[in-house]
Amino acid sequence: GTTGLLYGQRVPKGHPQIEAVGSCDELNAALGAVKPLLARGPRGAATRALLTAAQKNLVALMGELACAETDATRYAKSRFEKISAADVVRLDVAIAALEARGLKFDGWATPGANVRAAALDCARVVARRAERRIAALPAIGRRVRPEVRQFVNRLSDWLWLLAREAEQ
C-alpha cells in the first residue's frame with residue numbers, strides 16, 4: 001500500500017514522512033486523553049488551554065510534514081497555518097513557569113504515581129518519538145524548519161514537567 005501526501009504525491013505507508021505525521025497524530029490524541037484528567041480551577045484551565053493550542057499546532061505541523069519536499073515552497077506560500085517562533089515561545093514560557101514552582105525530583109522518573117501523571121508521561125514519550133521521526137526527515141531529503149523541531153522538543157519537555165508536578 002501507498003498513501004497520498006498533501007498535494008497528491010504517493011508514498012509507501014511506511015515512508016518516513018508518514019511515520020512522522022502518524023507520530024504527531026498519536027501525540028495529538030495523547031494530549032486529548034490528558035485534558036479530562038486535569039484539575040478544575042485556574043491552573044487546570046490554563047493547562048487545558050495550552051494543551052488545546054498545542055493540539056491545533058500539531059494539526060498545522062502535520063500538514064507541513066505531509067507535503068513532499070518538491071511542494072514545500074507551495075506549502076509555505078499557502079494559507080495553511082504553520083508553527084511559528086511564537087508557538088515555541090509559548091511553550092518556553094510554560095516551562096519556565098513550571099520550573100519556577102520549584103518542582104523537586106531525584107533521578108529518572110518512574111511513571112504511574114497517579115492517572116494524570118501516567119497520561120502525561122505517555123504523551124511525553126509519544127512526543128519524543130515524534131521528535132525522533134521529525135529529526136530523521138532530512139536524511140531522506142525532506143527539510144524541516146527549526147521551529148517545527150523546537151516546538152516538538154519543548155512540548156515534550158513541558159509534558160515531562162507537568163507529569164512531575166502531577167506526581168506531587
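Read along the sequence, the protein chain follows the pattern β-β-α-α-α-α-α-α, which comes to 6 helices and 2 strands, where helices (H or I, at least four residues) and strands (E, at least two) are DSSP runs numbered from the N terminus. This is a predicted model, in which local features need pLDDT of at least 70 and side-chain atom pairs count only at pLDDT 80 or more, while totals for chains use all residues. Residues are numbered from 1 along each chain as its sequence is written, and side-chain values use heavy atoms, with hydrogens and water left out.

The values for the whole protein chain are these.

| Property | Value |
|---|---|
| Box of C-alpha atoms along the principal axes | roughly 50 × 30 × 25 Å |
| Residues that count as buried | 42% of 168 residues |
| Accessible surface | about 8,700 Å² |
| Carbon and sulfur part of that surface | 57% |

Buried means under 20% relative accessible area, with a 1.4 Å probe and protein chains only, and accessible areas come from the Shrake-Rupley method.

The buried residues of α5 include A117, L120, R124, A127 and I134, and their cover includes α1 (16-34), α2 (42-65) and α6 (146-167).

Key: Buried < 20%, exposed > 50% of the residue type's maximum accessible area, 1.4 Å probe, protein only. Contact = heavy atoms within 4.5 Å. Areas by Shrake-Rupley, 256 points an atom, 1.4 Å probe, with all protein chains shown as cover.
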